[in-house]
Amino acid sequence: RIEVAENGFQALVIIGRIAPDIVITDINMPHMNGLEMIRNLLSDEAARPRTLVAVSALSKQGLAELGTLPPEVVFLTKPLEEARFIAVMEGQLAPAK
């Protein structure tokens, strides 16, 4: 089952309601960016998904200017590499350390 949110606030509501195993978020979103949404999500132990993926077209430097991703978050750059994305979804690719 796939749910789609328009922004970080809406995503947190949906995540709290359905407790998904996997959450994929863009970094650039209106009202609450992906980093803020991730920080809020990870502050609630009960709502933590098994896999949390952040995607962005930002360079690593651009992302660093916004803030640091928590170590348990997998970061993928756009355009997504199909094999890398599939490996993350299958649990074969751990977050970068």
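Analyst: The questions and answers below concern a predicted model.

User: In what order do the strands of the open sheet stand, and with what pairing?
Analyst: The open sheet is built from three strands. Their pairing is parallel, and their order is 1-2-3.

User: Why is one side of strand 1 and of strand 3 left without a neighbour in the sheet?
Analyst: Strand 1 and strand 3, the latter spanning 74-77, each have a single partner strand. One side of each therefore has no neighbour in the sheet, because both stand at the edges.

User: How many bridges pair strand 1 with strand 2?
Analyst: Strand 2 covers residues 51-56 and pairs with strand 1 in the parallel sense. Within strand 2, V55 is the residue that stands opposite D26. The number of bridges between strand 1 and strand 2 is five.

User: Which helix lies across strand 1, strand 2 and strand 3, and at what angle does it run to strand 3?
Analyst: The helix that lies across these three strands is helix 4, formed by residues 82-89. Its angle to strand 3 is about 160°.

User: Is T25 buried or exposed?
Analyst: T25 has its place in strand 1. Apart from neighbours within four places in sequence, it is in contact with G34, M37, I38, V53, A54 and V55. Its relative accessibility is 4%, and the cut-off for burial is under 20%, so T25 counts as buried.

User: Where does M32 lie, and with which residues is it in contact beyond its neighbours within four places in sequence?
Analyst: M32 belongs to the loop between strand 1 and helix 2 (34-42). At 7% relative accessibility, M32 counts as buried. Its C-alpha atom is separated by 9.4 Å from that of Q10, a residue 22 residues apart from it along the chain. Leaving aside neighbours within four places in sequence, the contacts of M32 are G8, F9, L12, M37 and N40.

User: Which element gives the most residues to the lining of the largest pocket?
Analyst: The largest pocket has a volume of about 540 Å³. Of its 19 lining residues, the closest to the centre are E3, V4, I22, V23 and I24. Two or more lining residues come from each of helix 1 (8-18) and strand 1 (22-26). The most, five residues, are given by strand 1.

User: How many residues of the lining of the largest pocket are nonpolar?
Analyst: The lining divides into nonpolar, polar and charged residues. Five are charged and one is polar. The nonpolar residues number 13.

Conventions:
Residues are numbered from 1 along each chain as its sequence is written. This is a predicted model: local features need pLDDT of at least 70, side-chain atom pairs count only at pLDDT 80 or more; totals for chains, interfaces and linings use all residues. Side-chain values use heavy atoms; hydrogens and water are left out. On a 1 Å grid over the protein atoms alone, a cavity is a set of points where a 1.4 Å probe fits but cannot get out, and a pocket is an open set with protein on both sides within 12 Å along at least five of seven lines; lining residues have an atom within 4 Å of a point. Grid points are joined across faces, edges and corners, and a volume is the space filled by probe spheres set on the points. Ala, Val, Leu, Ile, Met, Phe, Trp, Tyr, Cys and Pro count as nonpolar, Asp, Glu, Lys and Arg as charged, and the others, Gly among them, as polar. Two strands pair if DSSP finds at least two bridges between them. Contact means heavy atoms within 4.5 Å. Axes are lines fitted to C-alpha atoms, for helices over the stretch in contact, and angles run from 0 to 180 degrees between N-to-C directions. Buried means under 20% relative accessible area, exposed over 50%, partly exposed in between (1.4 Å probe, protein chains only).
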